[in-house]
Amino acid sequence: MTKGTVSGVVSNMVTLRVDGPVLQGEICYIHTGGVRLMAEVIKVLGQDVYVQVFESTRGLKVGAEAEFTGHMLEIQLGPGMLSKNYDGLQNDLDEMEGVFLKRGQYTDPLDNDRLWVFKPLAKPGDVVQESDWLGEVEENHQPLKIMAPFQLKGKATVKSIVPEGEYHVRDVVAVLTDEQGNDVNVTMVQHWPVKFAMTNYAEKPRPFKLLETGVRTIDTFNPIVEGGTGFIPGPFGTGKTVLQHAISKQAEADIVIIAACGERANEVVEIFSEFPELVDPHTGRKLMERTIIIANTSNMPVAAREASVYTAMTMAEYYRSMGLRVLLMADSTSRWAQALREMSNRMEELPGPDAFPMDLGALISNFYGRAGYVILRNGQTGSVTFLGTVSPAGGNLKEPVTENTKKVARCFYGLEQDRADKKRYPAVNPIDSYSKYLEYPEFAQYMQEHINAEWIPKVLRLKTRMQRGKEIAEQINILGDDGVPVEYHITFWKSEVIDFVILQQDAFDEVDSVTSLERQEEILNLVTDICNKDDYHFETFLDVTDFFKKLINLCKQMNYSEYKSEAYYDYIRQVKELVGM
Amino acid sequence: MATAFQKVYTQISQITKATCSLKAKGVGYDELALINGKLAQVVKIMGDDVTLQVFEGTGGIPTNAEVVFLGKAPSLKVSEQLAGRFFNAYGQPIDGGPEIEGREVEIGGPSVNPVRRKQPSELIATGIAGIDLNNTLVSGQKIPFFADPDQPFNEVMALVALRAKADKIILGGMGMTNDDYYFFRNTFSNAGALDRIIAFMNTTEDPAVERLLVPDMALAAAEYFAVEKHETVLVLLTDMTSYADSLSIVSNRMDQIPSKDSMPGSLYSDLAKIYEKAVQFPESVGGGSITIIAVTTLSGGDITHAVPDNTGYITEGQLYLRRDTDTGKVIVDPFRSLSRLKQLVAGKKTRKDHAQVMNAAIRLYADAANAKTKLENGFDLTDYDNRCLQFAHEYAEKLLAIDVNLNTEEMLDVTWSLLQKYFRLEEVNIKKEFTDIYWGKA
């Protein structure tokens, strides 16, 4: 293998003089003070190789030796990853010693001692390709597939496969004969370079199945679909993380992967401490069982921050190849972009807008492009739904990360300072936010078949009402309460009903935090009926205000009541009585 | 200070306002050096060329200065002796007392493994309703005051530090005026709290680049008391904007491409490294916590500037002070202020109605702000508008003002009484289970 010697150090960028060939993106280890520091090649200039070190370089000296590994940054994939807490380089954080993260400490991501019940799905003589399913292992009630090696070229024949029984992850469970007649040993462990997309599927059609999140402003107003993409930009303090956590707790997915990318450690701790206690509303099992956390908090090394989102995406693609529905959340993609900027700056590259590297847009679009709903070669389907948050500098959406993300993500959930200040949570702006999926005929058909044909038209009409309500609010601000007809006040207050009853939701209330689709439909119908009624009679705008405040209060109490409880029906009755429906 | 075995270099090849370069071998990254007795740190190594950042500035350094490398990163001697002492940015006593004896630790050490942290859950009571009621602080939290330079943030911070029941209060002063330094000294001394105080001071009289060491010094001391003595430590950092200004000076001198507001591209990581030292340790490692309360001064209230903006994304909320024109008092602004960890204690360590009462009052205070705009624009006010305005006045005076000193239970009772005084039940939008208990009782 190629060896190198340190010739320069600037923060975490190190230059090495090498004695042989290197790959762009190759991983190497630099020896210093009795530890090995992992680093990645980012630029080659003749014999001088620039690497970014994934650790602190304190005390590193010129002349320190480095050894190259011959491969790019890759992760290991296999049973035993669910409910684990990894760092951005897939080290198992629970296995690391001590209170503080020690430099140069790397741990095995998979448990080599644990036994798994393997059930063969293929039999000798079967002809298979890379990623084809050979066997099955159950982990936390998920049927995980053991697949033919991702690196397998062309077709291969199953030579032998072990009978059902207990095996370790690195035991050989099958032997394949490849096209050259060589034997290929298959274990439960796969390797994949994180920067490359997995394309082991037959087709990637447009996604169309609603992904239920239990958050009304998403499901009802701007739905996301299985295999869809979306992003949540917002200034600090507008509730990005609360919204992301709510989605990750409630979404109807088989696997949830959370990449905490350059964010606060206490937010990750919140997931560590709450998810093992919380119950998945769809299966009744503990949330942690279906969750993987990739934690690169803001004080952890910057270079590993970029790696963390790729590590998370690669894991998501791995589960998708097994026909599972994966939800991937990254908080926040801006931190990843900043990590790229820091490195580009140290390499003294010519900067693009706001000093970000020129290829930022391309990197973002390639990354979002890895999500999707796929049909596997065996006809099964799987999906990676990706939701990223963006932390725009100064809350200004005209900045490179937001603009480049907007070009590729299909759903936009813009968090608004003004709504947050008024405690109208979730602070998703109802006018500017959108879901492109509402325009997909495939999605309309799915909703017609699974809920009802009226759903989307009703939602679109409510959206128009929100728009109208906003216009009137502006007019009232200019002309005064008395300056507009009473009817204007009615129209305005109808939009407030939509806002208070459908859009606003208490993420910290046990009942209100999750709303099932069935309940959302009832709320949608109720609010639509309230808005469609056009024979309200009021003398003055004050009567309008009084009436609708009373109405909103009743509806809120309804939202706080257990679904289908006596109180719930009682509030509905009171609402109908008040409105005269 | 050079010992017999240390090599002395005497040929400096380049001097800028903040850095010196020379040819040297066997030098480690981040290592300290003395240039004619002035402390400097290695910031760049390229082959034999070593660039040093000189903390005091390079004025008066000759090209033939004696350079000695110390073989270690900046460090602090830690022991119980730190308590009650005042130091400069290098950790040297400035109070006339003796040198500290203890174990030497490198400052700016590694991060806590996130899985070894505990979710913060202990309320820090300050008696100020703008904080305890609306933006409750929790041990292990990191939160700054966003304030214009003319606001009394240092006074509020001293008050919070003294009322919070911390075992140690560590003050990191960066670019602090001498007057403020004396204010803190006198306040802590008058309160009889000097034995709990440790201060690292860089005043406006000291070189600007020196202050880059202050937060790491303060936090190294904090980690000693939190990790080894399992104490509750409160760290006060004022002012972090001065710290960031020094970062930009250094990066500018090193010819780095500036990003927003001439700050270095690494500003987010640089600030996060400091703030993320805030931590609550679990009982399994003996407990102990570090809470950070900082000050970020704003220029004309502009929070889109890179320093407050990046800070806001790192810290767990922010507290704004502003003068309320109605009452003439300084209040904790309920709109822009936020404590992200408040839901960990609100209604759990405090009375169950806490969250709902707080939200209702702030919503009505927002309605009052709207009414005020209407009034200013010359529109007639409704009865509801007038009631909101009256409520806002009393709410600001009795709760938001920083001179309030109540326990949380009293704060909630006062809020209920104000709500009932000015509003009808259906106007407050509070869950029935609470109005059943408290409406008409307070």
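Me: At what angle do helix H8 (residues 354–376) of chain B and helix H9 (residues 383–400) of chain B pack?

Reply: This is a predicted model, in which local features need pLDDT of at least 70 and side-chain atom pairs count only at pLDDT 80 or more, while totals for chains, interfaces and linings use all residues. Residues are numbered from 1 along each chain as its sequence is written, and chains are lettered from A and ligands numbered from 1 in the order in which they are written. Helices are DSSP runs (H or I, at least four residues), numbered from the N terminus, and axes are lines fitted to C-alpha atoms over the stretch in contact, with angles from 0 to 180 degrees between N-to-C directions. The axes of H8(B) and H9(B) lie 8 Å apart, and the angle is about 120°.

Me: How many charged residues does the contact of H8(B) with H9(B) have?

Reply: Residues are in contact if their C-beta atoms, placed from the backbone, lie within 7 Å, and among those that meet here are B:Asp367, B:Lys372 and B:Lys374 in H8(B) and B:Asp385 in H9(B). Asp, Glu, Lys and Arg count as charged. Alongside 10 nonpolar and no polar residues, the number of charged residues is 4.

Me: Which element gives the most to the side of chain A that touches chain B?

Reply: The contact takes 62 residues from chain A and 59 residues from chain B. Helix H3 (265–274), helix H5 (333–346) and helix H13 (541–560) of chain A are among the elements that each supply at least two residues of the chain A side. With 8 residues, the element giving the most is H13(A).

Definitions and conventions:
Contact = placed C-beta atoms within 7 Å.
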